[in-house]
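Here is my notebook page, opened beside the model. I wrote down each thing I looked up, one entry at a time.

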Amino acid sequence: MIEHLTHLALPLLILLPLTSAALAFALGPGRGASLVIASSALQLLLALLLAATIGSAGPSHHAAGGWGAPLGIDLVADGLAAAMLLLTQGVALALFVFARGYFHQDSQDADHWAPAGRYFWPLASFLVAGMNALYLSEDIFNLYVTLELVGLAAVGLVASGGGATQTAAALRYLFAAILGSGAYLLGVALLYGSYGSVSIAALTPAIAASAPAVTTVALVAALLMVTGLLIKSALFPFHFWLPPAHGGSPAPVSALLSALVVKASIYLVLRLWLGPLQPLLAPFAWLPAILGASAILWGSWQAIRAERLKLLVAYSTVAQLGYLFIALPLAAASTTGVAPVAIVTLQAVAHGLAKAAMFAAAGIILHATGRDRVSDVAGIAERLPLTLFTFALAGVSLMGLPPSGGFLAKWLLIDLALAQGQWWLVAVIIAGGLLAAVYIFRVLRQAFLNLPEAEIEAEHQKARVVPRSAEWAAFALAASSILLGIFGGVPLLQLVGGSV
Amino acid sequence: MTFNELLPLLVLCSSLLPGLAIFILPERQHRLRTGLNLFGAVAKIVLVSMLLVGVQAGESYGFRHAVAPGLELVFKADALGLLFITLSTVLWLFTTLYAIGYLEDAPHRSRFFGFFSLCVTATIGIAMAGNLFTFFVFYELLTLATFPLVAHRGTPDAKQGATVYLAYTLAGGAALLTGIVWLESLTHHTGFTHGGFVAGLLPGNESTLVAIFVLLIAGVGVKAAIVPLHGWLPKAMVAPAPVSALLHAVAVVKAGAFGVVRIVYEVFGIDTAQALGLLTPLAAIAAFTIIWGSVFALFQDKLKKRLAYSTISQVSYIVLGTALFGPIGTIGGLVHLVHQGVMKSTLFFAAGNYAETLGIHKVSEMNGVGRRMPATTIAFSLAALGMMGAPLTAGAISKAWLGDGASAAGMGWAVWVLTASSLLNAAYFLPILWRAWFRPPPSSWPEEHIARRGLLETHGLLLAPPLLTAALALVFGLLPEDVASPLTWARMIAEREYGLVTP
């Protein structure tokens, strides 16, 4: 029975969110929200089951419709994919619970949802379906299709707010997304022309065999694919679209985008760079590391300077994504310790949980104060203690302080860099942690300030109530990012490390 | 899980779980919160007593938990750790009692006591850490848990003090992290070992080891407030009095000093450290800090600031004792870890009483306060005399062992430093005692909050803790050879852990 269910887990992880997206559109936001939440809970169970099976029995396959590759479409999940699926379902579930409270309290009665809240459920569910399909795809053309699905759903979510700035941000995002996937598609076409296949399993040995005499076409193809993905991943200097899109959207959307969506394209970079494209791209391994280091420094600096709270959190994403790239050259060299890919995955999961929590907390704070400047958070320690605690716990993981998942990932990264004598990376990682502390404590110390009595009264008058369920959902995300460092490291590192 | 594995975990949980429960308590649940606090503190004392009896009988306690392949949180309750654990546990009870009285009817008590318990949990974790990785985890946790306490008052001053505190401690943490990972990349483990574990890297890695030593000591030196890393400590005085006691006596500076002891003895090993020529510079920095802190204390009119500079000076006694090559100095440093904690918390409790009862914040306002608040002032005087090293006090015992240790190690100059420091201590404490006891009281106190009720010169919960800690300090001074005295325990550590023969 369990075995059978595991077999079905792969297609179900795509079909379930797809179906609930369609139904949520038909049912409207009220019942749609319940449906999407129930569906994500089921998906989370499936992802857990899948991870458990892969952990004990190795990668899982499913031939869609009974047609195997090369004719049909194969769905494949290994440890890395299972970890990303688990992150996606877990964060999505918590954020959906958060979003129901967050959007609902915008309106007085249940049938009146703000436009952002009305379109959120079908679009977000569709987005999750796209990401799940991406993690389960096995050939580079299907990956292109899923990449477009994810991109379009994400742009739709950014635009759903309906304001002029949000539309502008969405257009900018759309432009970057199309540029990115266009470059990627061009690369896929060129590779297909050179090697006659789009299957990763078939391409890997073919490219390796041709490695001594790499053709210019293959090299250009690889570079195009990776550049396209880097644009979509918002790696410095391609981050220009991220802060307005992530900083200007409604909180549940920002959280989904920052925690999950950018991870999808980064996952592809890792998968392709360390997989089939490895022989072609080996000489360029330092490029993403240098860009990643610049992202850490530049993003943190911008976060320190940001005046708006959500922009601060968005720039923090720009910085934190850098950590995922600096391990690339380290990953290429063989090491004896923990597999570098596993460390990067740990960092991605830790950041996903923490950033979702932080955007959610920032959203609650903005709702309660009605203002979004960092200086306006004064007195929050008194009014929203749980939410401030959530923000702080998420911050602990982002700063890489113990005992969080972010800390564990950072420790292992430094260890890895030292083992290969890369002192400059150690310096960047340490500096990045200190800079993160500057922008996070900028918020926290302001939050501890007392407001004069008169102002407290005025604030309470206009305060809008945020449902407790939304506050606790955000807290659950932050707490998981901490517990990940204590209890999640071993299983996660083994799951991913054993498979790649 | 065996009992010997469970007991250290229970010691950690006895403050962690009440702390977490207190966080979610509504503000008005005053009794339940007090009950949880006291239950945790008393339970911890009982559990630690069980550890003490066991360790003295030669049992070993500990457990480990892997957070990543090859990376473990290791906890062990050895004799050295227990010295610090016992100090923190006993002082936690007194400080909690004091804080309950001090914060009566103040806002945000759930937050305060929650983080207070987390601080103590972090301190116990530091004391029980079995490797540098675990030590670092709890060392940073301590930084995070103290930030809300320093910022507690929510004034712009508190914000400023908390910011400075963070800037120093997080930078120190970064240095510590770099040093630990660097060391781990060479030795592939960081477990504290009697006699150190780096000797195998010699010869050939001298300069690397010196660099690592500097990083590690700088990292813990921030919390130990070694000059020039001490700048946060006077600024952090904006915190409420129980927090000052916590920072100065129970947790923060002690964690730094304890880190120095672990790093010198159980990471590098005293012989390797001496061979690398690291001990003399460390002793010199400690000596400089001792004099520096005492000189600055002379010029402070604010009572809490004067005590803060005094802490800077006194904590470096521990560092000095550690850096003296030989068993006698070791014992002097270890015993001072306990003595300073007990005496300094007495002083801060008393200072808090003056401020809360009469609104006295400055030395110049203390004329005749001994007549209005005799019990508090007796406790203050006993502790101050101990700090000076007056005969028959706990401080005299610390200084005697440190002085003998310095002579035995052939570092005669350190004896002069200790003498000079004693004179300076007298110069900044005796005028306070003179004012308090012999000058006539003013016609009215700056701001009298709590009126005298019969024999009670102030709130009972404010009065009991300083009297109890002062009594402890008195007992330590009068009965140094007793089985339960810190000196006996420090000698046992020196004998057992370092194989040193003590006179």
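**Entry 1: confidence.** What is the mean pLDDT of chain B, and what share of its residues reach 70 or more? I found a mean of 89 for chain B, with 99% of its residues at 70 or more; pLDDT is the predictor's confidence in each residue, from 0 to 100. I also noted an ipTM of 0.91 and a pTM of 0.93 for the model.

**Entry 2: ground rules.** This is a predicted model, in which local features need pLDDT of at least 70 and side-chain atom pairs count only at pLDDT 80 or more, while totals for chains, interfaces and linings use all residues. Residues are numbered from 1 along each chain as its sequence is written, and chains are lettered from A and ligands numbered from 1 in the order in which they are written.

**Entry 3: chain B as a whole.** I listed 20 helices and two strands in chain B; these are DSSP runs numbered from the N terminus, helices being H or I of at least four residues and strands E of at least two. The radius of gyration of chain B is 22 Å, close to the 23 Å of the globule rule for 503 residues, so chain B is as compact as a globular protein of that length. That radius is taken over C-alpha atoms, and the rule is 2.2 Å times the number of residues to the power 0.38. The C-alpha trace of chain B spans about 70 × 55 × 45 Å along its principal axes.

**Entry 4: two domains.** I looked up the domain assignment of chain B and found domain 1 (1-270) and domain 2 (278-503); such bounds come from an automatic or database domain assignment. Their contact takes 41 residues from domain 1 of chain B and 46 residues from domain 2 of chain B, where two residues are in contact if their C-beta atoms, placed from the backbone, lie within 7 Å. On the domain 1 side, α3(B) gives the most, with 13 residues. The centres of the two domains of chain B, taken over C-alpha atoms, are 22 Å apart.

**Entry 5: one tyrosine.** I then picked B:Tyr428, which sits in helix α18 (residues 412-438) of chain B. Is B:Tyr428 buried or exposed? B:Tyr428 counts as buried because it has 24 C-beta neighbours inside 10 Å; the cut-offs are 20 or more other C-beta atoms within 10 Å for buried, 12 or fewer for exposed, and partly exposed in between, with C-beta atoms placed from the backbone. Leaving out residues up to four places away in sequence, B:Tyr428 touches B:Ala297, B:Leu298 and B:Arg306.
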